[in-house]
Each structure stands twice: as C-alpha cells, then as structure tokens.
Amino acid sequence: MTTGAVTPQRSPFTPERDSFWHLVHAEWTKFRTVRGWVIAAGVTILAITAFAFPFCDISAGCAVSSGASGTASAGACPVQPTGPGGEPVVDAFYFLHRPLTGNGTITVQLTSLTGQVAIGPGGNGQSQMGSGLQPWSKAGIIIKEDTSQGSAYAAMMATGSNGVRMQWDYVNDRPGLPGSVSASAPRWLRLVRDGDTITGYDSAGGTHWTPVDTVTLPGLTATVQAGIFTAAPTNGNAATTTGVFQHIGLSWPGGGWTATNVGGTGPNGVGQPGTFSQSAGELTMTGGSGDIAPLTGSAGGVSVQRALLGTFFGLIPLIVVAAMFITGEYRRGLIRVSLTAAPRRGRLLAAKAVVIAAVGFVAGVVAATLALAVGTPVLARTDLAVWPVSLLTQARMIAGTGALLALAGVLAMAIAIIVRRSAPAITTAIVVIFIPYLLTVGVGPQGGGPGRGGGGGWALRATPVAAMAVQQALPKFYQVATAYPVIGGYYPLAPWAGLAVECAWAAAALALAFFLLRRRDA
Amino acid sequence: MSLAVRAFPPLHPASRALRAAAAALKAEWTKFRTVAEPFWLLAGVVALTVAIGAVAGSAARCSSASCGLDPATVSFTGIYPAQAVAAVAGVLAVGNEYSTGMIKLSLTAMPRRLTWLFAKAAVVTAPVLAASALAVAGAALTGWLILPGHGFTPAHGYPSLTTGTDLRAAVGTALYLTLIALLSLGAAAAVRNSAAAIGVVLGALYLFPITAAVVSNPAIARHLDQIGPLPAGLDAQATTGISTLPLTPWQGLGVVALWTVAALLLGALALKFRDA
C-alpha cells in the first residue's frame, strides 16, 4: 500500500456555469414551469386589456339618457369643433372682421381691457356680475381662415394678467410684452400676413415694433377673415371681456365690420352675444363667455389614455407573482438549494430581479399595446371629445407601462425578500402602491381627495404610483385656466420623472433586500 | 370474573355537535393565542389606524364653514392601510393551515369541516373586534385632541365629536374592520393559498374606489361606490353630508356583510367539497 498525493475530485468547472446569464436562465426556468405564475402573468395582460373596453365607452351624457343623475336630456350632442391638429377645441368669441384676400397687415392700439365675472347668484337664474378679469381674458387682433369653429388662426392679444401674447392654432402660445393694458400704458398689436405665414408684432408706443413670432398656418386659403376680437374664458362661471381699440389700421381697402359670435350662442358657442360701439376713433367691443383654446383639463376632452385604466387591475396579479417568486423559495426551503448553487447572493438576487422585471415589462408592453389598439376604435364611437395621441406618445405610454409593471414587480420581489412571507409582502407592496393613489383621489362621490380637482399633491410626486405619469397622453396647457385633475389623467410629474420615482423606490427596496439577504441565514 | 365496562349514555346528536363545536373553538383558540404573528398583526392594525389618523388630522385644515371635510373620515384615515393588515390576519388564519400542511391534521382531529371553519371564524372575530375597537377608540381620541385646533370648531359647523353620529361612525368603522378580516378568512378558505387570497381581497377592496373615481359617468361611479366593499363600508364612518352618500351608513355596512357572507359561503363550499 502506497501513500501518495491524492488528487481530490473536482467538478469540471466551465466558464458558462459561472455566468450570470446561466443564473438568469435557471430563474426563468423556475418561473415558467410554475403553471399558476404563468397564468397570473396572463391575467395581468388580460386585466389591462379587458378594461380598455368599458372605460372607453362612456358617454358624455347627451343624446343618451344619463341615468340616475336626473338630468337626462334627449338633445343631440352638439358638434364638437376640432382644430387643425384634430384636437378638440373651444372656439367661441366675439369677432369683428373683414375679408382679406392675399397679403395684408392689421394694426391696432388697445387702450383698455376690462371685464365682468360672476361673483354670485343673481335673480332670474342669471349670475350677479362684478368687474374683474380672468388671467387669460383676451382682446386683440386675429387672422382666421373663416368664421367656422376650429379653423386655423393666428392672433395677437392682450390678456388679463399674462401680458401680450401671440397665439395660433389653439395650442400654441408665445409671450410678448409683459404688464397690463391701460390708457396710460396702451399696447400696440400688429399681424402681417404673407401667404400662409403670419408674423405678430407688439409695441408699447407704436413706433418701435418687436416681432413676437412668425408662424405658418399650412394651407391657409387666399381669402381669410381679419379683424378684432374679445374672448372671456369662463372657468365655469359667466364672464365678459371688453376691449377698447384705437388707431385701427388695415393695409387693404375694406367695407364695414361684420360682427360674428363665432360658434353662435349654442352649447359650444358663446355664453351671451357680444356688442360693439364706435365713437370718435374709438371702438369698444364686449364679448361674453367663450375662449379660443384647446378643450382640456376638467373642461373636457379625453384621450386613449383611458384605455390603460386596467393597469391598476393588472398590477395586483403581477405583485402576487413577484412576491411568490421569492416566498415560494422560503416556504419550501428551495432557497437553500438556490443559494448552494449560486453562493453569491447578490447575483441570485439580480437574476431574480431580471426575470421578474422582464416578465413585468413584456406583460405591460403586450397589454398596453392591446389596450390602446382596442381602446382607440371604442373611444372613437363615443360622443366624447377625443384628443388624437401621436404614435410617438403612444409608444412612450406602451414602453412606460411595461417599465411601470417591471419596477412594481421588482419592488414587490424586494419586499418579499425583506419580509419572507407571501401575504405580508403582497400586502405591503399593494398598500405602498395603491393607498397613496386612493387617498389622492378619495373614496365616494364626495371623497375630497386632492386628485379630484387638482394636481394631486405629495402622493403622486413621492410614492411609487408617481409612475402613472408615464401614461399621461395629454399635455397641460398653462394658457388655459382650468383644473388638471389626477382623475382626468393629469399627473404632477413629467412622464419619465414619475417613472424615476418608482425606480428609486424599487432600487431602495432592492438595496435593503440585498443587505438582508447577505446578512441573514437563509 | 366479569369485567366492568363503564358505559357512557349515548349523546343526543345536537349535543354532540355542540360539544364538537366547543372543542373546536378551544383548539382553535389555543392555536391562535400560542402564535405571536396574530398578536403583531392586530397590534399593527391599532398602530396604523392611530398613527395615520394622527398624521391626517395634523394635515387637515378647516378654514371655513363649508370646508367639506368630515372629521370622522379624517380621524379614521388610517383605516385605508389598517384594513389590509386586518385582511392579512384573516387570510393567514386559514392560509397558514394550508401552507404548513396543518390542515390535514386539523381536519383529522375535527372531521366536521364546517364546524372547524366556524370555530376559525369565531376565534378570529373576537380578537379582531377587540383590536378594531381599540384602534378606532385611539383614532377617535387622537382626532378629538387634534382636530378642534385645526378649524373643526363649532363655528365651522362641527359641534363636538361625541354625538350619537360620531359614536355610530366609530362603531361602524370597528365592525367594518372585523367584517374585512372575516371576508379575508372566507376568501383564503375558498382559494386555499395565502398569496392568491390576499391579492383577491385587496383587489376587491381597492379597485372599486379607484375605478369609481376615474370613471366620468356619475351613474356608473355611484353604482361602483355602492357595490364595492370599501366605499360601501366607509359610508358607515361618515358624519357629514350623509344625505348625499350612495348608501346610508348601515346599508353600506350591510353590503360589506353580504361580501363577507359570500366569501365565507364560498370558503365553506370549497372546504366541504374539495380534498384538503
């Protein structure tokens, strides 16, 4: 018997076995071979897609009886005007105009801008009026394709408290001279038309002119209507705006003014017809309750974003699966096998996070794509004022929904590692995501949450649900004084900023999970 | 030599069932009180209700007579997360039996399955009700101390916080928490998996009000507020604007009770007709 050096048995250690992707593959195999988990991932997709149907198909309440609200009106829906970009608009103002064929210039001096707003209920169902201006009450000059609602335009105007502005085609706004209008500080405004290009100028004294912007109105007809206007945004209450104009200069010969209440006095028109009077080189005109602006915020207008409401429904099965992906290991003792096979615990955690994030992302992308595809035609059949949403924005909404679900999955998974029990982990994840939103929107018809009328406060800035901002389809228009409520789909943070907040939560939870996973015995 | 066998007189079937129920109750109570988890969960219910109520009360400001805030709703804001903890307690009471395999032992010892479920529910009810009462009393006391300093004064239309309406709100809220725990217990018996059960329960609780808030059609929103367990149940804690609620406070609690009965019924059916 000889005693010699014995070479110990070594397993042939191949580089692939030590690779991270090998670990990811192992975790993916664990995931896909549990039937219940795959079904739950399918339920996530199904829940999001299914809710694209009912919640797009909500009537504005005209033409169909609106049920319990008691205001069932059988009247047909008024035709919703849309602007050149296809967006629903408010186009109701008092317009004194003359036809302009070809190029021309219109110049005015605005010496006064005053207004009346409703300050309380008065007699005969009318409001009691007191003097006052809305921030975006406006008077000025406008070149508009014709007097129909929604036609292309460019305008120079003075506003209640936002100085001189140039606005065109409803959604665009540029600031000019700041300050308010008075007899001692009049504002000179000028619009120059050259083909389909219009340049706006303003001036304090009428001698030195500053160009505000030059805009192109594609396909502007040869003959347009040019003139002066007033508009009184209402923000829910009756209002009028009165402008006093002097030195009205037109570069082309024209007859007298034609007065038009654009939109008429119907449901989408002005609240009350305008009036004007002329004396000694001064023209005073008063227009009532209307605006030239996008239909946005709580004033109206919806988008295909509604089709993604099911995201909340899809989050729940995903959170359940993400937590069970971890707690299942602890419950059955599989975690010891997993950590024996992959002793570097951080890598195991990373592999699990990659798998669950991939599942969440793919489920979110598939579900959001289906929901938008289903929701677009459903929404088009309703009587709602529907905003078009560009393909680029829709791509952001789809990818963002995927990222939102992926991060929620990682967050739930990390919480599951921290608490190691399924029910408490799932509850923690759901409470952290859902309760801030629920407290923001409030419960019940009078649930006075800050999300009913306004921006939503801290909850949608600082908690994981801030990521819902990534689904916001419509911009807020600062030039429209209306509420942008959370329940209307407007969020306080920018899309990617909201997602970053959720990402920070997931990262923090993952860091704590990593720390605990390394420190504790499995 | 004869062996004297002591003969027991045969018991009446009803009496036997009663004895079985008493034995099951005793066994389940022993299980409940000898595990630390339920105690911590119920302590969590109390702590969350009081703490969140204090935060919400500190943040609430009522500057005019028509500020539209309900002092009871503000004080009981902690119910939103606390009911999730109560739901966990309910789910785990049954879910733990399934996840540990204990259920086989339990049903061997107590073959009357419905009696076992009844004993489980009864054993969960009493401590949850006690914890809920403590939580609600703590939150009400916190609100009573904080809110008058934040504008909830008689001048703004809030006479005091000890009227019969406030008592009803407090009792209703405590009953609501208990019903949610029982609903969760029934759901866990029906799906037999803690994780799936808690997902279903929290979905049923939170998705109705979120959907109702976002839906623009007021009729649909009102119906969602009537059938959802959370919005219906929270009608029970309102003390202002009761005439505008979708349901009266007790009707709201009735809706929650219907959900609870349905869940327990489903749980009983699953227990009765499926192998454990």
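How many residues of domain 1 of chain A are in contact with how many residues of domain 2 of chain A?

Reply: Some ground rules to begin with. Residues are numbered from 1 along each chain as its sequence is written, while chains are lettered from A and ligands numbered from 1 in the order in which they are written. This is a predicted model, where local features need pLDDT of at least 70 and side-chain atom pairs count only at pLDDT 80 or more, but totals for chains, interfaces and linings use all residues.

Now, your question. 5 residues of domain 1 of chain A are in contact with 9 residues of domain 2 of chain A (contact: C-beta atoms, placed from the backbone, within 7 Å). On the domain 1 side, those residues split into 3 nonpolar, 2 polar and no charged. Here Ala, Val, Leu, Ile, Met, Phe, Trp, Tyr, Cys and Pro count as nonpolar, Asp, Glu, Lys and Arg as charged, and the others, Gly among them, as polar.

As for the domains themselves, domain 1 covers 19-59 + 299-519 and domain 2 covers 90-294 of chain A, with bounds that come from an automatic or database domain assignment. Their C-alpha centres lie 46 Å apart.

What else links them? The largest nonpolar core has 250 residues, and A:Ile319, A:Ala323 and A:Met413 have the most contacts inside it. Both domains of chain A give residues to this core, so it lies between them. A nonpolar core is a set of buried Ala, Val, Leu, Ile, Met, Phe, Trp, Tyr and Cys residues joined through C-beta atoms within 7 Å. Buried needs 20 or more other C-beta atoms within 10 Å of a residue's own, exposed is 12 or fewer, and partly exposed is in between, again with C-beta atoms placed from the backbone.

Take A:Ile319: skipping residues up to four places away in sequence, A:Ile319 touches A:Ala408, A:Ala412, A:Ile426, A:Ala429 and A:Ile430. A:Ile430 counts as buried because 27 other C-beta atoms lie within 10 Å. Beyond its neighbours within four places in sequence, A:Ile430 is in contact with A:Ile316, A:Ile319 and B:Leu202. A:Ile430 and A:Ile316 are 114 residues apart in sequence, yet 7.2 Å apart in space, C-alpha to C-alpha.

The contact between the chains takes 37 residues from chain A and 38 residues from chain B. On the chain A side, α3 (311-332) and α7 (422-441) each supply at least two residues, and the largest share, 13 residues, comes from α7(A). That side divides into 25 nonpolar, 11 polar and 1 charged.

Chain B has 11 helices and 0 strands, and buried residues make up 52% of its 276 residues.

Back in chain A, here are some strands. β13 (residues 239-250) and β16 (residues 282-288) pair in the antiparallel sense over 7 bridges, where pairing means that DSSP finds at least two bridges. A:Gly243 has A:Met285 in β16(A) as its bridge partner. β15 (residues 272-279) and β16(A) also pair in the antiparallel sense, over 6 bridges. Their hairpin has 2 residues between the strands, and A:Ala280 takes a positive phi near 45° there.

Note on methods:
Contact = placed C-beta atoms within 7 Å. Helix = DSSP H or I, 4+ residues; strand = E, 2+ residues; numbered from the N terminus.
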